[in-house]
Amino acid sequence: MRKMFYFIIFALIFIPTSAFANVTDEAGLLNGTELSQLNSKIQQIERKHGIKVNIVTQYELQGSDVKRVADNLLRRMIESPQSGANGNIVFLIAMDVRKWQIAADRDIDSKIYDSNGHAAFNEKAFVSKFSQGDYFGGFSTYVDSIDTALDAYSRTGQVYGDANNDVNETDNGFDMVAAMISVVGAIIIAGMYRSSLIASMSNVRPAIEASEYLDKSSVKLTENRDTFLYMNVQRQPKSRGGGSHSGGGNSGGGHGGGF
């Protein structure tokens, strides 16, 4: 019994910190040294802010939605004994669909994203590194960004989000103004082209009334009547949709996109 007690004490003292991993690299994107350095950096930030940070890489999602998988990972983290006192955040990257997703509970989400879902840090910085194949650099940049954003919130009590930082796919949505400008421009160009064609036709002149196009000697109308039968009107209430920044329960939502 005494030997077992000494063994437990020895293990708690001498097992390296990296054994309690914050990074689960199932896709094999990092080597041993990179994993150790990244785990060490994350643990420093966890102690500093009283939060829990996890990074998970998967080779394939087998048809699952990347956001749903990230939300499930976050929920398990919140329910675990290792849950952060001041919040929890998960970063998931899926190599088969080349997508990434951040899932954060409300404690952290409200400190790194503003009310419009814009990040208080530059997402483009780490996504650019992913696109270049520099996964260690991308993860390091992401972790540093979370640290910086939380520091800024602790100083000011506010989130200064910037739409220019966002790279998630849903932010590149339909631009109604640009579409209307394009339609109006197309109509103007089509009208000008039509007018030029008509002007080039010497045997055509505009008619004032439709009857001028009729050969009066070829037909004789004896009765002119319009009959209105019925009208059927259906009304569909407009649905009220939300943005891509989701929430519910303990989850505050997240951001994601491709790389």
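The side chains of Asp 144 and Lys 41 meet in a salt bridge, with N and O 3.3 Å apart. A salt bridge here is a side-chain nitrogen of Lys or Arg within 4 Å of a carboxyl oxygen of Asp or Glu. Because Asp 144 lies in helix 6 and Lys 41 in helix 2, the pair ties together parts that are 103 residues apart in sequence. Helices (H or I, at least four residues) and strands (E, at least two) are DSSP runs, numbered from the N terminus. Side chains of opposite charge can pair when their charged atoms come close.

The model is predicted: local features need pLDDT of at least 70, side-chain atom pairs count only at pLDDT 80 or more, and totals for chains, interfaces and linings use all residues. Residues are numbered from 1 along each chain as its sequence is written, and side-chain values use heavy atoms, with hydrogens and water left out.

Asp 144 is partly exposed at 36% relative accessibility, and Lys 41 is partly exposed at 24%. Buried means under 20% relative accessible area, exposed over 50%, and partly exposed in between (1.4 Å probe, protein chains only).

The structure holds five salt bridges. Another one joins Asp 151 and Lys 48, whose closest N and O atoms are 2.9 Å apart. Asp 151 belongs to helix 6 and Lys 48 to helix 2, so this pair also ties together parts that are 103 residues apart in sequence. Lys 48, Asp 147 and Asp 151 are linked in a network of salt bridges. Lys 52 and Glu 46 form a salt bridge too, at 3.8 Å from N to O. Lys 52 is buried, with a relative accessible area of 15%, and Glu 46 is buried at 12%.

Now to helix 2 itself. Helix 2 covers residues 32-49, which makes 18 residues. Its buried residues are Leu 38, Asn 39, Ile 42, Gln 43, Ile 45, Glu 46 and His 49. Seen down the axis of helix 2, these residues fall within an arc of 165°, so they line one face of the helix. The arc is that of the directions from the helix axis to the C-beta atoms. On the other side, Thr 33 and Arg 47 are exposed. What covers the buried residues includes strand 1 (23-25), strand 2 (52-58) and helix 6 (135-156).

At the N-terminal end, Asn 31 caps helix 2: a side-chain oxygen lies 3.2 Å from the backbone nitrogen of Thr 33. Helix 2 is followed by Gly 50, whose phi is positive, near 70°.

Definitions and conventions:
Expected span 1.5 Å × (residues − 1). Contact = heavy atoms within 4.5 Å. Polar contact = N/O pair within 3.5 Å; in protein donor to acceptor, adjacent residues only side chain to side chain.
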